[in-house]
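Student: I would like to learn how to read helix packing and chain symmetry in a model such as this one. Could we go through it step by step?

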Number of protein chains: 2
Amino acid sequence: MSDAVKFVVNAAGRPVPTVVNGHEQIPFQGVGGYRPEKSKHAPPIRSCADYPSSGDKRVASLEAALRKCGLKDGMVISTHHHLRNGDRIALQVLQTAARMGVRDLMWFPSASFPCHAPVIELMESGAVHHIEGSMNGPLGEYCSSGKMRGLGVLRSHGGRWQAIQDGEVKIDIAVIAAPTADAFGNANGAHGKSACGSLGFALADSMYADHVIVVTDNLVPFPCVPWQIQGNNVDCVVEVDSIGDPSKIVSGTTQITRSPDRLLIAEYVARFIRDAGILRPGFSFQAGAGGIALAFVAFLRDMMREKKIKARFVRGGSSKYLVELLQEGLVDYILDGQTFDLDAVHSMATDPRHVATSPFTSYNFHGKGNFASLVDVAVLGATEVDHQFNGNVVTHSDGRLLHGIGGWQNCLAAGCTILAVPSFRDRIPVIVDKVTTLTGPGELIDVVVTERGIAINPRRKDLLDAVRGSSLPIRPIEEIQKEVLAICGGQPEKAKVLDRPVAVVKWVDGTVLDTVWQVGELKGLLRPAREASAE
Amino acid sequence: MSDAVKFVVNAAGRPVPTVVNGHEQIPFQGVGGYRPEKSKHAPPIRSCADYPSSGDKRVASLEAALRKCGLKDGMVISTHHHLRNGDRIALQVLQTAARMGVRDLMWFPSASFPCHAPVIELMESGAVHHIEGSMNGPLGEYCSSGKMRGLGVLRSHGGRWQAIQDGEVKIDIAVIAAPTADAFGNANGAHGKSACGSLGFALADSMYADHVIVVTDNLVPFPCVPWQIQGNNVDCVVEVDSIGDPSKIVSGTTQITRSPDRLLIAEYVARFIRDAGILRPGFSFQAGAGGIALAFVAFLRDMMREKKIKARFVRGGSSKYLVELLQEGLVDYILDGQTFDLDAVHSMATDPRHVATSPFTSYNFHGKGNFASLVDVAVLGATEVDHQFNGNVVTHSDGRLLHGIGGWQNCLAAGCTILAVPSFRDRIPVIVDKVTTLTGPGELIDVVVTERGIAINPRRKDLLDAVRGSSLPIRPIEEIQKEVLAICGGQPEKAKVLDRPVAVVKWVDGTVLDTVWQVGELKGLLRPAREASAE
């Protein structure tokens, strides 16, 4: 493949391929630089005359459903990741398709997890051609090693909606694992033994795919309320014993960090939000499920109590910590993209102030605005951040692709974006000269909070002014880096990557922001990658 | 216009124009006969870069909003009818546009009411070219008289969604009067001084229109929850003192009939539903807001109590009578298209079992099924019904166009469709030899219930068998008609209509079902209409 790939250097100075998996690409043109001129994807018009008037769309098996939906070689099959590492359906779909003899499928998950590692065998056997979607863990390593036939395409949650909506990815068959559904195809994630909260990540799939299959282990009589997925978009319904392992759906990784360093980072974040004047009546914030993010919420909660300040809304990934804020009356609404524990699942199912959102409302950059830019402050993580405040969340400093983007890129639109990161991990500095893979442009990243100090992007004079005189350890990012390099014994070793692309990182507008390169040695290719490609 | 109009006789034997307002038409091809082959309408892709990142889309006035949306001659302007005869916005929009000097607008309301009569002046002045949408009362008379420059196009609620979704009507600017909204454009009808329940009739407009304006008299801080209309589809927000007259929004016409004849009809309907075996655990029904429909619900409720039978869902138009069923536990869910009184508005706003629906979920024929065909029994009205059980709801026997279709055509998909009608009105028989305007094909109408007896469509042998031996007065439809003709002194006078079309009636699939003809004399045209046209 690499021989035929042409590269251009985009507005971020990164070499990116001009064609990805046969589709012409638009290189990144700067934040807000690219303006779409086409129309949205237009799925085929259907007729009720072709669907049972009883509303009963059940078919006997996943295989029967795939056949009914016209499964054939080369199709795009989409799944969602609300069941996280407990998901039993995505793999089953692909394995069933493989047994049916089809080849060269493109798998288009909203994210993949370690439980999906056996898809590697399907790629080896030829049933699956490649994956476009976040590849966490083993699949990311497989992609990194250069063994996948097509390029990985990494999109944010909002970017995935944008790609579907704009017709960049045309889904042939969407398979939606639903914790509750009726025979008409109305479905939700709120109820049932496999409850996961919302099904927002599958919403675009249900609206734009040619064919939609709902798979459920909790079939209820019509109407399934709420219908997060509308049966009017669904072709058939399959009943199975279990769509997932409940203990892994709600993963239990949502514990506040106990690391003293990370607690310090969390405290700095909360104090920064307070001292910069962001903590004011009616403010809003976004917090994910990481240990630091949860801890900063606890610090912020105490400050809100003390100052008697109520937030208007908080955006999650939600957990019991956000639910407690809601129940205590410290926030009016949780606007929720996914639920991370059972408290949050229960809250969303029963409290009308805990509102399920979708990537359309929250993150899609190709709409008439989205919620992300209305958030006063977003607190995020990163694998690397550099002097220009550019962020990386997908690769490690050794070049390996190990993480998806999630909503990270989309959240950068917040009024103030804070990266809360330890200054090093396993003696690898997090602050680097230049990020291995550019995932978020530095102009959108305002503050980097580490246990050794807080660096404010010089572009944000307003924030620098706001915290002047506070007791916070505000320091230049280079100074923090220098201190860390001394501890870690110098710069990390340069990633040993080859000049063969294995994946691209899309920006929120569908343009190509950066390239992920093959890791390790590949015969016939001699030069290290980025130097060669940047020529 | 009439000189150039070509007609074809469609599958229902009705002459229909081949071109309407410049657009080629498909004549009705029989129930389920037409299969769409195109793709859905694809609105332009937008970018957040073109909308304020603060989410504040407010503009100073309706005029400023229309200008921002690029108002120009010949555009299609849509509004919704949830505020019914209390609506203050639709007229204001068109009058503002007229003051701005534009001409030849097409007004595309989901329905119009007597309060919109001043649009006649705008049609006379040239600002509005014609109306496509239900024309109740004065606007219907104006259209009937042949004075409108274009043809009226009458669509059911589901047909309107279908027309927008399929691109048959491309909306340039949708104006959504919202009882509650935030500055981002999220909006609902559930709360505020002008609360009307849902905003479902404006949903397609918000999704498919090029530009969307939300007008509200109750601006709340973001987020407006629930967001029945998503701000991500909205261009700008206008704040006004009042969007409508609350006393007319919730119209108070939802009183149970006191007429002994109509109470008898209602009782027959309920007894029919019971004796035909439709009243069984988990059944479902649809009831509108007419006096007979409300009364039959009261009779049915008593039977449900007596037999301890619970319905799974009821479809409304909802009123306090349905809300009482919900509160009493006689029904699990109300699936609601529009709310007709304050009890229903309150119930929808507070009870998660009282669910707002849209024409997409309930009625759109060009989806993968819809709710209407899942309803066990629908009870509807009509202006006329004929021997073949064909129904008319738009014109009177004198040919005048006075009513919209509403959801009537869509509800015919129910398992059992009952027309509950008095056998005559003002000495005009309701059962006729041939309906003046075909609005619903007889093969979809199963039962006609009058105070003089119940006629079952001979196609429904199952229903005839089911009620055999019951005490209900089951009679052939011709026999009931004969009795009524004797009372009324013979057949009604034939409608004096000319061979000039003034409107067409669309079927749920977008094909043309029938033509509405000009009433009264028009110079230069000599022959009465239907005989001439049917040649």
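Student: At what angle do helix 9 and helix 10 of chain A pack, and how far apart are their axes?

Tutor: Bear in mind that this is a predicted model. Helix 9 (residues 291–307) of chain A packs against helix 10 (residues 320–328) of chain A at an angle of about 20 degrees, and their axes lie 10 Å apart. Because angles under 35 degrees count as roughly parallel, helix 9 of chain A is roughly parallel to helix 10 of chain A. Their crossing is left-handed.

Student: Which residues make the contact between helix 9 and helix 10 of chain A?

Tutor: Helix 9 of chain A contributes Leu294(A), Val297(A), Ala298(A) and Arg301(A), while helix 10 of chain A contributes Tyr321(A), Leu322(A) and Leu325(A). Sorted by class, this contact has 6 nonpolar, no polar and 1 charged residues.

Student: What rotation and shift superpose chain B on chain A?

Tutor: In general, two copies of a chain are related by a rotation about an axis and a shift along it. Here a rotation of 180 degrees, with 0.0 Å of shift along its axis, superposes chain B on chain A with an RMSD of 0.0 Å, which is the relation of a two-fold axis. In chain B, the C-alpha nearest the axis belongs to Ala42(B), 2.6 Å from it.

Terms used:
Residues are numbered from 1 along each chain as its sequence is written. Chains are lettered from A and ligands numbered from 1 in the order in which they are written. This is a predicted model: local features need pLDDT of at least 70, side-chain atom pairs count only at pLDDT 80 or more; totals for chains, interfaces and linings use all residues. Axes are lines fitted to C-alpha atoms, for helices over the stretch in contact, and angles run from 0 to 180 degrees between N-to-C directions. Helices (H or I, at least four residues) and strands (E, at least two) are DSSP runs, numbered from the N terminus. Angles under 35 degrees count as roughly parallel, over 145 as roughly antiparallel, 65 to 115 as roughly perpendicular and the rest as oblique. A crossing is left-handed if the near helix is turned anticlockwise from the far one by less than a right angle, and right-handed if clockwise. Two residues are in contact if their C-beta atoms, placed from the backbone, lie within 7 Å. Ala, Val, Leu, Ile, Met, Phe, Trp, Tyr, Cys and Pro count as nonpolar, Asp, Glu, Lys and Arg as charged, and the others, Gly among them, as polar. Copies are superposed by least squares on the C-alpha atoms of residues with pLDDT of at least 70 in both.
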